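Me: I am new to this structure. Please take me through it in short steps.

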Amino acid sequence: MERVNQTSSVSEFILLGLSSRPEDQKPLFVLFLTMYLVTITGNLLIILAIHSDPQLQTPMYFFLSFLSFTDICFTTTIVPKMLVNFLSEKKTISYAGCLTQMYFLYAFGNTDSCLLAVMAFDRYVAICNPFHYITTMSHRRCVLLVAFSCSLAHLHSLLHILLLNLLTFCDSNVIHHFFCDINPLMKLSCSSTFVNEIVIMTEGSVVLVTPFLCITFSYIRILITVLKIPSAAGKRKAFSTCGSHLTMVTLFYGSIFYVYLHPLTSYTIRNHVVTIVYTILTSMLNPFIYSLRNKDMKRGLGKLVGRRKS
């Protein structure tokens with residue numbers, strides 16, 4: 001009975017955000033609103049261009065369209081609440097709202113991670129086994145890979161939310177972050193977080209690191225294959241199809257590993273800045289990275305814009 005009363009004493013959390021200074025709130029609002037609008041517009045254009053151009057109906061662009069959709073959902077989980085808090089004196093989020101935000105944050109974030117691994121596998125098959133590409137990357141298999149990526153991510157997220165819901169919050173309700181994240185939330189718990197930390201370091205690490213290892217393995221095989229190509233032009237062409245993906249992988253995993261593979265006690269304010277990279281910046285840069293370095297995407301976007309003007 002005592003546990004229930006203690007848990008119910010915290011009905012909402014206060015999100016301190018990126019800055020507590022009043023003069024910073026409006027500039028931050030304008031900055032993140034601009035980034036959010038660019039993210040939504042850019043990723044929507046990518047999706048529309050892929051689905052309206054028959055020449056982009058390939059597995060690589062099929063996965064890219066889902067990555068863009070996931071990026072839109074990922075940022076929408078965080079940014080709108082940030083924007084409201086920038087202009088509000090009461091920067092609160094309900095207990096249920098906090099857990100809901102975290103569920104979708106990890107669901108869409110891990111879907112991104114799995115899709116990046118699937119895209120690496122697609123490039124591996126295209127470069128290392130080109131004669132079997134059509135049969136290996138059939139539409140049915142592509143749909144199954146996307147479905148598996150989404151299912152695994154949602155189950156992973158559900159596990160951590162259920163474990164968080166068992167914790168007791170009876171003291172401070174101030175979260176030193178701009179959204180509900182698992183590490184700063186666990187620091188507020190007045191009950192033991194031992195099980196949560198063990199699950200994060202075991203199951204969480206497996207779910208996070210496994211896609212990265214698949215990407216690493218794929219690119220090692222790609223590198224070995226490309227180095228065997230005799231002509232320099234052939235090597236450049238092979239590497240050009242991987243450049244955009246590698247850029248996204250570096251930004252996404254670099255920032256995530258920095259934040260989540262640290263012990264809970266070492267979680268500091270510096271992590272906030274790094275968190276912006278994988279939650280907002282990569283989603284915003286995704287359309288630019290994949291369109292500016294890709295002739296097919298440039299052509300598809302050109303056709304889409306020309307069709308809208310006419």
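Me: How much space lies in the second largest pocket?
Reply: The model is predicted, so local features need pLDDT of at least 70 and side-chain atom pairs count only at pLDDT 80 or more, while totals for chains, interfaces and linings use all residues. Residues are numbered from 1 along each chain as its sequence is written, and side-chain values use heavy atoms, with hydrogens and water left out. A pocket is an open set of points on a 1 Å grid over the protein atoms alone, with protein on both sides within 12 Å along at least five of seven lines. Grid points are joined across faces, edges and corners, and a volume is the space filled by probe spheres set on the points; for the second largest pocket this is about 310 Å³.

Me: Which residues lie closest to the centre of the second largest pocket?
Reply: Lining residues have an atom within 4 Å of a point. The second largest pocket has 16 of them. The closest to its centre are Ala 117, Val 118, Phe 148, Pro 211 and Cys 214.

Me: Which helix gives the most to the lining of the second largest pocket?
Reply: Helices (H or I, at least four residues) and strands (E, at least two) are DSSP runs, numbered from the N terminus. Helix 4, helix 6 (139-164) and helix 8 (194-227) each supply at least two lining residues. The top giver, with seven residues, is helix 8.

Me: How many residues of the lining of the second largest pocket are nonpolar?
Reply: Ala, Val, Leu, Ile, Met, Phe, Trp, Tyr, Cys and Pro count as nonpolar, Asp, Glu, Lys and Arg as charged, and the others, Gly among them, as polar. This lining has three polar and no charged residues. The nonpolar count is 13.

Me: Which helix gives the most to the lining of the largest pocket?
Reply: About 590 Å³ of space lies in the largest pocket. Among its 24 lining residues, Lys 237, Ser 240, Thr 241, Asn 294 and Asp 296 are the closest to the centre. The lining divides into nine nonpolar, eight polar and seven charged residues. Six residues come from the top giver, helix 9.

Me: Are helix 2 and helix 3 roughly parallel or roughly antiparallel to each other?
Reply: Axes are lines fitted to C-alpha atoms, for helices over the stretch in contact, and angles run from 0 to 180 degrees between N-to-C directions. Helix 2 (residues 22-52) and helix 3 (residues 59-86) pack at about 160 degrees, with axes 9 Å apart. Angles under 35 degrees count as roughly parallel, over 145 as roughly antiparallel, 65 to 115 as roughly perpendicular and the rest as oblique. The two helices are therefore roughly antiparallel.

Me: What is the hand of the crossing of helix 3 and helix 4?
Reply: The axes of helix 3 and helix 4 (residues 95-128) come within 9 Å and cross at roughly 160 degrees. A crossing is left-handed if the near helix is turned anticlockwise from the far one by less than a right angle, and right-handed if clockwise. Helix 3 passes helix 4 in a crossing that is left-handed.

Me: Which strands stand at the edges of the sheet?
Reply: Two strands pair if DSSP finds at least two bridges between them. The open sheet of three strands has the order 2-1-3, with mixed pairing. Each edge strand has a single partner strand, so one side is left without a neighbour in the sheet: these are strand 2 (92-94) and strand 3 (174-175).

Me: Which residue of strand 2 is the bridge partner of Ile 14?
Reply: Strand 1 (residues 12-15) and strand 2 run antiparallel, joined by three bridges. In strand 2, the partner of Ile 14 is Thr 92.

Note on methods. 1 Å grid on protein atoms, 1.4 Å probe; cavity = no way out; pocket = protein on both sides within 12 Å on 5 of 7 lines; lining within 4 Å.
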